[in-house]
Structures are given as structure tokens and as C-alpha cells.
Amino acid sequence: MRWRNYAPPRILLGVNIDHIATLRQARGTRYPDPVQAALVAEEAGADGITVHLREDRRHIQPRDVRILAEMLNTRMNLEMAVTEEMLALAEEVRPAHVCLVPEKREELTTEGGLDVVGGFDAIASACQRLSAAGCDVSLFIDPDVEQIEAAQRAGAPTIELHTGAYAEARPGSDAANAEYHRLTTAATHAISLGLVVNAGHGLHYHNVEAIAALPGVNELNIGHAIIARALFVGLKEAVQEMKRLIIAGQEAGLMAALDAHDHEHENHSEHVHNGCCGH
């Protein structure tokens, strides 16, 4: 039986507004206001707003987090390190989502996934505290089976796959193909364990459709590319363009999966038919 009428949930777009705050902090002014940017992004169709409160406060400030918690019409995804200070703030603010990420002060941006295996006890404890505060917890991890299974054991209902290695590889290269295979395998395995799968890091307008086509991906979190595009077309149009691309990518992935299913079903039917005729 064909399953063309199957309609999975539409892929979601989380817009990261950190770099609006980066520009503000460069001059120590009150503008541009990341809260205003968040509201514009929501109006343009963002399904959520992501902010990363770093320990060195290089962009987003605690005040931003508190105001956003009061102002957003969608939901906040607070990215943070596993520290007592950050956990206490999350318990105070109670964002809808918290994504636990690794952090090194000297890095320009998050360079790799969280080592859930190596830091299991602290991460599992953080997941328990955040869940008790009413937050949906996700872990930002590399597309590695061992890390995925550790995330499930730690009690995180959601993972966010780190797409940086794929994004940095030359398009169409063996390295890019290998990284895409890793992501596909990781997403499939995570879903089989009952985890919700998000993805992000390094995604832009030329590579995002392939990631949106990953099996069962729930949400993509994208910031730098959208804010950079907004310099030329405005934030509203930049968000809308990205949303159109991820929806198109999801639809292409679904069609490919349906075609593969139909082909497999037809081959199976032909095999059964030929087997019956051979008796």
C-alpha cells in the first residue's frame, strides 16, 4: 500500500540572535536590541528564538534572557554550559528549551559537540534539574552513536546534531559525503531510540536543504547566516528565505524516502511473484 498521504510535522526553524547582541556589545550601546530582532524573526515565521549565554558575556546578557522570557510569543531555546551559574539562571527563568553545549572561552564559536560520555554524571544531573524546572532539555552532540546513546541514558529527550564538520567540508567532496552519511546514520539511530532530533551549526543558504532532508529532523537552529543575510535584505526577508529553504529540503527528503519505499515494495512484490511462479 502506498503512503503518499502521510504528513509528518513540518520542520521548525529556530533563529539564533546572538550576533545582533555581538554588534551591540562591540560599542557598548543599547542598540541593536536582540529582543527587537527576536520579535521581528517571530513575525517572519521563526518557530523559536535561540540565544547562547556564554560565560564571558561576549554577546547575550542575562538581562536579555530575562526580557526574552517575558516577551517571546513562540519559545526560547537557551544554549548554555553545564555550570552552577547557568543552571541557577535556567531554574529562575524556566525557558521552554535548554540546550547544553560545551564552552571554551577562547573559541570564536562552539567548535564541537558535548562529551556526554566523559561528563556523564554532571550532564545527567543537569538534565534532571532542568527537567524538574519544566525545561525541555537537549544536548548538542557530534553525530556519534556512543554520544547519542549516552544522551538517552542521561535523560535528555532531545539531541541537537552538530553539523559543523559537514558545513565546513567542500560541497560534493568525499569528506562532505562521509559527514552527511554520519549525520543520516546518527539521526536514524537517535529516532529509533525515541529521541527528538534537531540539528545546527554552520548552516547557511547553500547547504541547509540537504540537512533539512535528514530523516525525521525536527528543527534547525541557524543564526550567523540569517543575520548576515539580513544586512542586505532585512531580517524579515532573511528569516522567510531560510524557512522556505528548510521546508523545501524537508519535502525533498520525504519524496526521496517515499520513492525508495515504493521501489523497495515493488521489488519485494516482484520477488514474491517470481517465487510463486517458480513452483
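1. Thr50 is buried, because its relative accessibility is 0%. Buried means under 20% relative accessible area, exposed over 50%, and partly exposed in between (1.4 Å probe, protein chains only). This is a predicted model: local features need pLDDT of at least 70, side-chain atom pairs count only at pLDDT 80 or more, and totals for chains, interfaces and linings use all residues. Residues are numbered from 1 along each chain as its sequence is written, and side-chain values use heavy atoms, with hydrogens and water left out.

2. Thr50 belongs to strand S2 (residues 48–52). Helices (H or I, at least four residues) and strands (E, at least two) are DSSP runs, numbered from the N terminus.

3. Asn16 is in strand S1 (residues 12–16). Asn16 is buried, because its relative accessible area is 11%. Its side chain reaches the backbone nitrogen of Asp18 at 2.8 Å. Beyond four places in sequence, Asn16 touches residues including Thr50, Glu79 and Ile227. Contact means heavy atoms within 4.5 Å.

4. Phe232 lies in helix H10 (residues 224–233). Phe232 counts as exposed, because its relative accessibility is 70%.

Conventions: A polar contact is a pair of N or O atoms within 3.5 Å; within protein, one must be able to donate a hydrogen and the other to accept it, and residues adjacent in sequence count only if both atoms are side-chain atoms.
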